[in-house]
Amino acid sequence: MATRAKRRRLPKALGPPALSQLSGAEPRHGAHLSQVAGAAGVGGAEPGPEPEPEPEPEPVAGFLSWCGRVGLELSPKVAVTRQGTVAGYGMVARESLQPGELLFAVPRAALLSQHTCSIRGLLERERSALQSQSGWVPLLLALLHELQASASPWGPYFALWPELGRLEHPMFWPEEERRRLLQGTGVPEAVEKDLANICTEYHNIVLPFMEAHPDLFSSRVRSLELYQQLVALVMAYSFQEPLEEEEDEKEPNSPLMVPAADILNHLANHNANLEYSTNYLRMVATQPIPKGHEIFNTYGQMANWQLIHMYGFVEPYPDNTDDTADIQMVTVREAALQRTKGEAERQVLHERWDFLCKLEMVGEEGAFVIGQKEVLTKEELTATLKVLCMSAEEFREFKDQDEWGDDQREEDSLTITNIPKLKASWRQLLRDSVLLTLQTYATDLKTDQDLLSNKEVYARLSWREQQALQVRYGQKMILHQLLGLTS
């Protein structure tokens, strides 16, 4: 996981994000506490389109009153509302705002975490028993307990949460629909890993803990379905305070819920940012915000496949300037193997692949990440193309070098603009890898292009079909750009 305000982008040399890497926020859809606490047994997913604007519901007034009681200071220039937002609850400027203006300040005492909940003492005493791959179990247990507590201090905050049974993450889509719409994007595989981890975590750690404390966890919250919904909510709504530079080697901070901050929707070209200080978390404007405009945070540099996986929405093409396409590392190996002749050449290539693995440049589940304007895994892709395209003599000399990158030439620099200047063998291997990647999708670029360009046809698609189409199309555009550069 990483801070929502600034998500650290990691090369995917170890595969797609697992639960341990996820946190953020999704489009806002309000729900009363009674709907949330009773969500166990509620399935399905929410439709994308919002209902017609209606008068502000009572939960907003209750939330604003609660903010006053806990010292959460909202600027009079902002409003919490459903009207004028891209999805659900959001925050809109009542008056024009300038960069640097404070939008709201959240005291640390109002944060909801394993350290502030009413069972914090128990969670701390049992900390060693609650360790898990995700690192989220203590927060999730805190939420399970507080949601069922009729007098929870965070009740008015819960009232603005989405209805858990209508979350739109692909993990709640039927498997057939998820695979059909998102094949080739990387999302189905990431979801399958999430679901397996959730199930293991729940049965091995969470359920035994709740059963050992029946006075704290009623039977209605002992539900795998509810736990999965809360994982999705934490995935989408939680924040993680960044470590200081000198703390980079430490374990990441635990996730926490930040009232008011998690109301803001996401945009790559955002106009607000969350700042951390000793006593408060402050949301500050980063660019001019005209009166009536929505205030957006950023969940980090997120490709559309990551947005839909973790938050249940995408930015329509071409708005997401952080969009990427992946080429699986093993796909490059497959493309190279296709050019070999005979078993001896195949063995040589496998030896080179093993060498790259030892250099930690490739992995069986990793991917090379290509953005619209840059190669995000430039070092890994450069090393892979270089090693797999070497002559036998070059490879022998290369293995004996102390530093593999010492002799990198300018013409071998793997930037988007420099790809046409790469060696012919590099370009061919990259092109073959792109072609193999495009074969993993269920549709081709023209089919998706026709759907997007025909407004009437596009309007008849379901919300999920539209979102999945945007994910596929954005990725394919990047891949086809690569094809053009390697021709």
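Author: Begin with the contacts in the protein chain of this predicted model. Among those between residues at least 6 apart in sequence, 74% join residues at least 24 apart.

Reader: How many helices and strands does the protein chain have?

Author: The secondary structure comes to 17 helices and 10 strands. The chain has 487 residues, and buried residues make up 53% of them.

Reader: Which residues touch the most other members in the largest nonpolar core?

Author: A nonpolar core is a set of buried nonpolar side chains joined through atoms within 4.5 Å. Here the largest has 93 residues, and F104, L141 and L144 touch the most other members. Another core, of 40 residues, lies apart from it; V332, L337, A383 and I478 are among its residues.

Reader: What is F104 in contact with, leaving aside its neighbours within four places in sequence?

Author: The partners of F104 come from several parts of the numbering: L72, E73 and L74, then M91, then A260, A261 and L264, and finally L281, R282 and M283.

Reader: Is L144 buried or exposed?

Author: The test is relative accessible area, and under 20% means buried. L144 has 0% relative accessibility, so it counts as buried. L144 is found in helix α4, residues 137–148. Not counting residues up to four places away in sequence, L144 touches V206, M210, F217, V221, L226, Y227 and L230. Take Y227 from that list: L144 and Y227 are 83 residues apart in sequence, with their C-alpha atoms 8.2 Å apart in space.

Reader: Where is Q131 found, and how far is its C-alpha atom from that of I205?

Author: Q131 is found in the loop between α3 (120–125) and α4. The C-alpha atoms of Q131 and I205 are separated by 8.3 Å, and the two residues are 74 apart along the chain. Q131 is exposed, because its relative accessible area is 58% and the cut-off for exposed is over 50%.

Reader: Now helix pairs. At what angle do α6 and α7 pack?

Author: For a pair of helices, look at the angle and at the distance between the axes. Helix α6 (residues 175–182) and helix α7 (residues 187–212) pack at an angle of about 150 degrees, and their axes are 9 Å apart. Angles over 145 degrees count as roughly antiparallel, which means that α6 is roughly antiparallel to α7. On the α6 side, E175, R178, R179 and L182 make the contact, and on the α7 side V187, P188, E189, V191, E192 and L195. By class, this contact has five nonpolar, no polar and five charged residues.

Reader: How do the axes of α10 and α11 cross?

Author: The axes of α10 (residues 329–338) and α11 (residues 342–358) come within 10 Å and cross at roughly 155 degrees. So α10 is roughly antiparallel to α11. The crossing of α10 and α11 is right-handed. From α10, M329, V330, R333, A336 and L337 meet R346, L349, H350 and W353 of α11. This contact of α10 with α11 has six nonpolar, one polar and two charged residues.

Reader: How many residues of α10 are buried, and which are they?

Author: Seven of the 10 residues of α10 are buried, and the helix is mostly covered. The buried residues are M329, T331, V332, R333, A335, A336 and L337. They pack against β9 (324–328), α11, β10 (367–371), α12 (378–388) and α14 (424–438).

Reader: What about the backbone? Which residues other than glycine have a positive phi?

Author: A260 is not a glycine, yet its phi is positive, about 80 degrees. A260 lies in the loop between α8 (224–237) and β5 (265–266). A260 counts as buried because its relative accessibility is 0%. For E360, phi is near 60 degrees. E360 lies in the loop between α11 and β10, and E360 is exposed, with a relative accessible area of 66%.

Definitions and conventions. Residues are numbered from 1 along each chain as its sequence is written. This is a predicted model: local features need pLDDT of at least 70, side-chain atom pairs count only at pLDDT 80 or more; totals for chains, interfaces and linings use all residues. Side-chain values use heavy atoms; hydrogens and water are left out. Axes are lines fitted to C-alpha atoms, for helices over the stretch in contact, and angles run from 0 to 180 degrees between N-to-C directions. Helices (H or I, at least four residues) and strands (E, at least two) are DSSP runs, numbered from the N terminus. Angles under 35 degrees count as roughly parallel, over 145 as roughly antiparallel, 65 to 115 as roughly perpendicular and the rest as oblique. A crossing is left-handed if the near helix is turned anticlockwise from the far one by less than a right angle, and right-handed if clockwise. Contact means heavy atoms within 4.5 Å. Ala, Val, Leu, Ile, Met, Phe, Trp, Tyr, Cys and Pro count as nonpolar, Asp, Glu, Lys and Arg as charged, and the others, Gly among them, as polar. Buried means under 20% relative accessible area, exposed over 50%, partly exposed in between (1.4 Å probe, protein chains only).
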